[in-house]
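Here is a friendly note to read alongside the model. Take a look at the rings and strands first, then follow the points below.

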Amino acid sequence: ETLELNKDYGFDVRVQDGERRFAGRLELSPDRVTLTVKGEETGDRACSFGFSDIDEVWCEGFNNSFILKNLRVLRARSGVLEYKKIGFFEYVYEVDYLAYFTSRVHQGQKFSGFSVDFEEAKNWIGHTNTQDKILKHYEEKSLFNDKDFDPTQFRLPLQGVGHIILAYNVSAHYSASDFSSGVHFPPSLHVMLSEEQPLDYLKELYDRFYNLMSFIIGNDISVNSLKIAFDTTMYSTVKASLYYPHTKYCRQRKSRYPLYPLGRDLRFDTFGYPEFDISAFDRFFSLNNDDSSKWKKYRKYRDMNSVEERFLGYFRLLESLAYKSKNYVDEEVLGSLIDKFKLCLVKRFDDQKSVTSFLKGLPRYNGSKYNTAKCIGDFYKSLPEEIRYKWIFSNSDINGICKLRNDITHANDYHESDDSLYKKSIFIETLLVFALYEKLGIPSDKVASIIHRLDGHDHIMNRG
């Protein structure tokens with residue numbers, strides 16, 4: 001059994017507390033996961049959990065087991081049943097996420113990857129030749145006998161991580177009672193690790209994957225299930241999955257189509273968009289945490305209700321991605337002059353600490369010849385002319401947009417209609433999407449051919 005993220009579950013469990021176990025109830029829903037632990041305490045049997053948050057808890061059911069992560073206390077109570085003999089307690093925790101196993105596994109279990117089944121994958125992939133080959137092999141009764149046939153759409157190595165694989169989960173079905181027979185091959189994306197890692201690492205990697213795929217799709221993806229893989233040598237029939245309250249972390253918006261379709265191995269290329277460069281996955285997972293967090297922040301800002309907050313958030317990200325340094329004067333000459341005159345300045349002002357601090361700041365100021373408007377303007381001018389000329393905004397508007405950001409940030413008086421602010425927010429988001437794709441190694445001329453699919457982009461198009 002695999003837990004589905006859009007379903008509710010309830011389990012009676014035994015909660016591990018060192019060498020002791022206590023009765024518990026695990027409640028899973030798309031909105032919240034909770035663990036209730038309760039029991040009696042005597043002189044030699046007490047629960048150590050107390051009224052504090054817990055990093056990890058292990059539980060066992062009748063024929064399953066769980067690893068619960070990042071537990072936060074919701075409420076707790078305790079009391080006395082028999083004076084100085086028997087007490088009782090009840091603790092209720094909110095669980096960040098959990099791993100579910102269809103049998104018992106040992107503590108310290110490590111994992112080798114995860115597989116994601118999400119709704120938007122079908123539209124993202126489209127109708128491919130590989131899908132037709134699956135049907136052909138099924139018709140020829142060779143689907144499960146041909147060892148040379150691989151129902152994989154693509155496989156890509158990820159440096160320092162492992163592999164990412166897009167494959168079809170092929171199965172045949174037959175039911176006389178339902179008058180049904182055929183083949184089923186839903187797609188799923190797999191990230192397989194080169195070395196087994198603890199659950200925390202796996203969840204962090206999945207979160208990064210989720211942020212990237214939501215960016216490519218143009219909407220928070222609807223994950224149906226999240227299977228996790230581990231060494232099954234000892235547990236040949238054990239299945240495992242990850243469950244978390246996904247409605248807390250994603251916000252579904254109406255979306256008719258993916259922002260950037262895969263466009264690979266298409267049976268019919270209806271739109272003629274450039275193929276998505278799958279090496280972007282490798283580039284993304286090679287980024288450091290600070291850089292890769294920009295996709296998480298973009299998701300966060302995109303899901304905000306306030307147009308003003310979205311505008312400020314998009315602007316901050318675009319500013320960091322478009323930033324370029326330019327020196328006023330030669331850096332080496334300035335450095336030598338600082339070294340030469342430092343003692344003179346300390347002697348003249350009789351304040352070594354202040355002079356040292358001042359001189360340390362000079363190289364930073366020297367590199368700030370380009371302000372934000374200049375950097376964003378240069379990035380704007382680097383985009384293809386054919387897309388820039390379709391927008392209602394031009395390079396001459398960027399100074400005013402930067403001033404608007406400063407006025408909002410510093411609570412200055414400004415006069416901007418809701419419609420105007422919304423359009424400027426979409427414009428900055430559009431530039432940001434170009435910048436994020438550029439960070440993934442996808443050139444702007446390719447992004448220009450799909451940018452009209454960005455939600456709200458039509459509001460900044462010239463109608464003339």
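1. Rings of Phe, Tyr and Trp (its six-membered ring) pair if their centres lie within 6.5 Å; planes under 30 degrees apart count as stacked, over 60 as edge-to-face and the rest as tilted. Ring pairs of this kind link a cluster whose members include Trp 124, Phe 154, Phe 215, Tyr 260 and Tyr 437.

2. A word on the source: this is a predicted model, where local features need pLDDT of at least 70, side-chain atom pairs count only at pLDDT 80 or more, and totals for chains, interfaces and linings use all residues. Residues are numbered from 1 along each chain as its sequence is written, and side-chain values use heavy atoms, leaving out hydrogens and water.

3. How many aromatic pairs does a search of the whole structure find? The search gives 35. In one of them, the ring centres of Phe 89 and Tyr 91 are 5.0 Å apart with planes at 35 degrees, so this pair is tilted. Both Phe 89 and Tyr 91 are buried (under 20% relative accessible area, with exposed over 50% and partly exposed in between; 1.4 Å probe, protein chains only).

4. Now for the strands (E, DSSP runs of at least two residues, numbered from the N terminus). Six of the seven residues of strand E9 (residues 162-168) are buried, so E9 is largely enclosed by the rest of the structure.

5. Two strands pair if DSSP finds at least two bridges between them. E9 pairs with strand E8 (residues 152-158) in the antiparallel sense over six bridges, and Ile 165 in E9 is the bridge partner of Arg 155. Seven bridges join E9 to strand E12 (residues 187-197), also antiparallel, with Ala 167 opposite Ser 188.

Key: Helices (H or I, at least four residues) and strands (E, at least two) are DSSP runs, numbered from the N terminus.
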